[in-house]
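Hello,

Here is the structure I promised to pass on. Please open it first, then read the notes below.

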Amino acid sequence: MARLVMKFGGTSVATVERIKNAARHVKREFDAGHEVAVVVSAMSGKTNELVGWCKEAAPLYDRAEYDVVVASGEQVTSGLMALVLQEMGMPARSWQGWQIPIFGSDAHGSSRIESVDGAGILAGFGRNREIAVCSGFQGVHSGSNRIVTLGRGGSDTSAVAIAAGLKADRCDIYTDVDGVYTTDPRVVPKARRMDRVSFEEMLEMASLGSKVLQVRSVEIAMVHRVPTYVRSSFDDPTQPNPGTLICDEDDIVEQQIVTGIAFSRDEAQITLRRVADKPGIAAAIFGPLADANINVDMIIQVVSDDQATTDITFTVPTADYERAKTLLESLHGQIHYQALQGATDVVKVSAIGVGMRSHAGVAARAFRALSEKGINIRAITTSEIKFSVLIDAAYTELAVRTLHSLYGLDAA
């Protein structure tokens, strides 16, 4: 007997009929003798509808009341799932975030989980193997006793945190894809599903554009060493595919140099021309951006021939582009740059793999291959297990296909 957490995303519970299909996956594990906690998202499209209502009610809405409204989507799904499981003859009850409880910070709309108290759920397991159906995406702030939500993709985070809190043997994330692929199959038809991916690789892939798992959920899984599967809820519940296991690097027998290629269209480039090359300038630029909660990613600094000025290029999320430009324009008197230039028609393409640690020249091969395809690289960043290049958006598919083939990731 094992203890499992099964999470179902919005597309997996989009209708009552799909909820019934998801319940059949739960029944398979319950009939196998396992203790099961289920975490559900809101039905597909419901969160957007609830957010729209908040904006219609008050364009400058109170964040705490916003959380009350949007958290209701998961509450509906958890109740419906519990009803379906009961109708199928299984003991089940719904749990809201504040009932478990999941304690979070008071940052309404983007709370971070601080702790999970699973005593009530464990007591239910002990009584009659009662299935706990938990509303994802939400928790409670212990100080104010108010509902908080975890931000988009927060149900993944809820599921892994509950698995850690319950000391579950594994966490299964059911979604509309049957695992983690070497890249987006819509861009590269030869992309293949991977049997196993390390926590570190998945963390990089999630942060660099892969939409399969939310970044914070991977962080929690890695810290607490929670084996996490990505599986499809649309598989036949009686004959499910194995999916992809996210696990420790040591649990992967054969490790490729490059595991996957990720890309993100959510990038904008800003360049400050002929900035004074002196101590404190970088702080004067990036300090105010950090204070405004604008995340800066790739940074390149090039000193001019006169050795007195420098050009600084960096990227920000597309949604923050105009805000970042306005902020930097207001700081012109302090920074004294000659010109501010920007572009939103750019894409970040990344190669990820723990095998890079022990192999030299991995990135150089990519630069050569891209140049042969006539693709100009605007910026480069590297870390121990990944490298990223910023290129013109028009070359996205060509670049992804080129790198996918270069590192032998095409399906046989």
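**What turned up**

Lys167 is exposed, with a relative accessible area of 68%. This is a predicted model. Lys167 lies in the loop between H6 and E9. Its phi is positive, near 55°, though Lys167 is a residue other than glycine.

Arg129 is another non-glycine residue with a positive phi, about 55°. Look for Arg129 in the loop between H5 and E6. Arg129 is partly exposed, at 25% relative accessible area. For background, most residues other than glycine have a negative phi, and most peptide bonds are trans.

Pro101 sits in the loop between strand E3 (92–95) and strand E4 (102–104).

Next, a hairpin. Strands E7 (residues 138–141) and E8 (residues 146–149) run antiparallel and are joined by 4 bridges. Gln138 has Thr149 in E8 as its bridge partner. There are 4 residues between the strands, and Asn145 in this hairpin has a positive phi near 65°.

The largest nonpolar core has 37 residues. Among those with the most contacts inside it are Val5, Ile121, Cys171 and Met202. Elements giving two or more residues to this core include strand E2 (35–40), helix H5 (119–128) and strand E9 (170–175). H6 gives the largest share, 6 residues.

What does Cys171 touch, leaving aside its neighbours within four places in sequence? Its contacts include Val5, Ala159, Val226 and Tyr229.

A second, separate core has 23 residues, including Ala191, Val347, Ala363 and Ile391.

Best wishes

Note on methods: Residues numbered from 1 in each chain as written. Predicted model: local features only at pLDDT ≥ 70, side-chain atom pairs only at ≥ 80, totals over all residues. Heavy atoms only, no water. Pairing = 2+ DSSP bridges. Core = buried A, V, L, I, M, F, W, Y, C linked by side-chain atoms within 4.5 Å. Buried < 20%, exposed > 50% of the residue type's maximum accessible area, 1.4 Å probe, protein only. Contact = heavy atoms within 4.5 Å.
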